[in-house]
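Here is a quick tour for someone meeting this structure for the first time.

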Amino acid sequence: MTHFELSDAELEQRFQQRIDDEQKIEPKDWMPAAYRKNLIRQISQHAHSEVIGMQPEGNWLSRAPTLQRKMILLAKVQDEGGHGLYLYSAAETLGASREEMVDALHEGRAKYASIFNYPTLTWADIGTIGWLVDGAAIVNQISLQRTSYGPYARAMVRICKEESFHQRQGYESLIALVNGSDEQKAMAQDALNRWWWPSLMMFGPHDADSAHSGQSMKWKIKRKSNDSLRQDFVDQTVPQADFLGLHIPDEELKWNEERGHYDFGEIDWEEFARVVNGDGMCNRDRVRHHKKAQDDGAWVRDALRAYEQKKRANAEKAA
Amino acid sequence: MNQKNILPLYEIFIRSKRGLDHKHVGSLHAENSEQALEYARDVYTRRSEGVSIWVVLASDITASQEEDASSFYDPSDDKPYRHAMHYVLPEPINNM
């Protein structure tokens, strides 16, 4: 419980040994300041992604084509809010405060998955997000179930259990579209055309260009590299697109017998950088809306607090 | 027994292994939380059952009641579409 006899170097060596032995790090353990900082950055940005991700889908809640689809979408958006909570809580075990994390989001110091800076133009976008965006998130999050920080790993287990619903409902709604009218099928193809590349971008830069990857892998915060996760995603998704009879918008995409993987074309990294750095189609809207939701809800929180204070004051008076 | 001499009740949670959640194992009386921690060590981890112990004042726990379960959980009972297996997908891609 006390570390007064050990130098930082010794502590760090023990810490790394624990990670090398596949043991989890728990909140009260000694950890290098950079590990803590790196985790807070990653977990809070993961949380922001869940919460900001509610916006493009929420856009279609009032216009879902049937009551059933509306209830499903509402349940999914509700799940995303819950996922944000699990993750914020995991970050709070590291000493980060919720207010500071949200401020960082509002001030542009913290990022979130840049895919949510693309607009949802048609109903087919909703099915496609479930299929591709949640599909990509699952690939990433399955590997994060083995991350070295205990609370993060446990949040991932909980989240992965719920994500499967998200992806399946999306894919099922696309099956309905591709079996519908020509217009509906075209709408599904158009959605795939727009969401395919941003989905691949979700895995981040190439391993060689990834700022935090090396250290994160050594600390086992990340378990698989960006490029290998992206490959997993492509390999599992191509047969799903084939089944729908939809065409993936990449002329270089083809099965490579020798590698046992699909080869695919190069991402437009200029677009990636532009959207990550704030200049996507919806960046300003997303943050503005999040801020507004928070500001608009302030009176509710204030009222709850005032009522609680009044109750306590009355109880004290009675006592 | 004199009411005043009854020590407060603590609920004990133990993490059996790194990476797992703390799990409720029982309760005990103690004067304060430090003492509760030592008692818990003596009572619940004599055979190295845990790597971490949480002690929580029982009076600090607010719990839902099983008798109220039907109304408390009612909002989620009629939403089968929240479950992944509600969506029937064709065999070739059913491993999603």
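A residue counts as buried when its relative accessible area is under 20%, as exposed when that area is over 50%, and as partly exposed in between. Keep in mind that this is a predicted model.

**Charged pairs**

Side chains of opposite charge can pair when their charged atoms come close. Over all chains, the count comes to 27 salt bridges. One of them joins A:R18 to A:D29, with 3.9 Å between the closest N and O atoms. The two partners sit 11 residues apart, and the pair links distant parts of the chain: A:R18 belongs to helix α1 (residues 8-20) of chain A, while A:D29 lies in the loop between α1 and α2 (33-52).

Is A:D29 buried or exposed? At 15% relative accessibility, A:D29 counts as buried, because the cut-off for buried is under 20%.

Now for A:E92 and A:R98, whose side chains meet in a salt bridge at 3.2 Å, N to O. A:R98 has a relative accessible area of 28%, so it falls in the partly exposed class. A:E92, at 31% relative accessibility, is partly exposed too.

A:R109 and A:E100 make another such pair, at 3.4 Å from N to O. Here A:R109 is partly exposed at 48% relative accessibility, and A:E100 is partly exposed with a relative accessible area of 40%. Elsewhere, salt bridges that share partners tie A:E26, A:R154, A:R158, B:R15 and B:D21 into one network.

Here are the pairs side by side, with one more from between the chains:

| Salt bridge | N to O distance |
|---|---|
| A:R18 and A:D29 | 3.9 Å |
| A:E92 and A:R98 | 3.2 Å |
| A:R109 and A:E100 | 3.4 Å |
| A:R154 and B:D21 | 3.0 Å |

**Where the chains meet**

How many residues does the contact take from each chain? Chain A gives 25 residues and chain B gives 19 residues. Together they bury about 2,000 Å², and carbon and sulfur atoms give 58% of that area. On the chain A side, A:R154, A:F165 and A:R168 supply 33% of the area buried against chain B, more than any other three residues. There are 4 salt bridges between the two chains, and A:R154 also turns up in the bridge to B:D21.

**Empty spaces inside**

Rolling a probe the size of a water molecule over the atoms shows where empty space is left. In this structure there are 2 cavities of 30 Å³ or more.

The largest cavity holds about 50 Å³ of space. Its lining is made up of A:R69, A:I72, A:L73, A:W123, A:I126, A:G127, A:Q169 and A:S173. Which helices supply at least two of its lining residues each? They are α4 (67-92), α6 (123-144) and α7 (150-178) of chain A. By type, the lining divides into 4 nonpolar, 3 polar and 1 charged.

The second largest cavity has a volume of about 30 Å³. Among the residues lining this second cavity are A:I19, A:E22, A:K24, A:R146 and A:R223. Its lining divides into 1 nonpolar, 2 polar and 5 charged residues.

Key:
Residues are numbered from 1 along each chain as its sequence is written. Chains are lettered from A and ligands numbered from 1 in the order in which they are written. This is a predicted model: local features need pLDDT of at least 70, side-chain atom pairs count only at pLDDT 80 or more; totals for chains, interfaces and linings use all residues. Side-chain values use heavy atoms; hydrogens and water are left out. On a 1 Å grid over the protein atoms alone, a cavity is a set of points where a 1.4 Å probe fits but cannot get out, and a pocket is an open set with protein on both sides within 12 Å along at least five of seven lines; lining residues have an atom within 4 Å of a point. Grid points are joined across faces, edges and corners, and a volume is the space filled by probe spheres set on the points. Helices (H or I, at least four residues) and strands (E, at least two) are DSSP runs, numbered from the N terminus. Ala, Val, Leu, Ile, Met, Phe, Trp, Tyr, Cys and Pro count as nonpolar, Asp, Glu, Lys and Arg as charged, and the others, Gly among them, as polar. Buried means under 20% relative accessible area, exposed over 50%, partly exposed in between (1.4 Å probe, protein chains only). Contact means heavy atoms within 4.5 Å. Buried area is the accessible area (1.4 Å probe) that two parts lose on being put together, summed over both.
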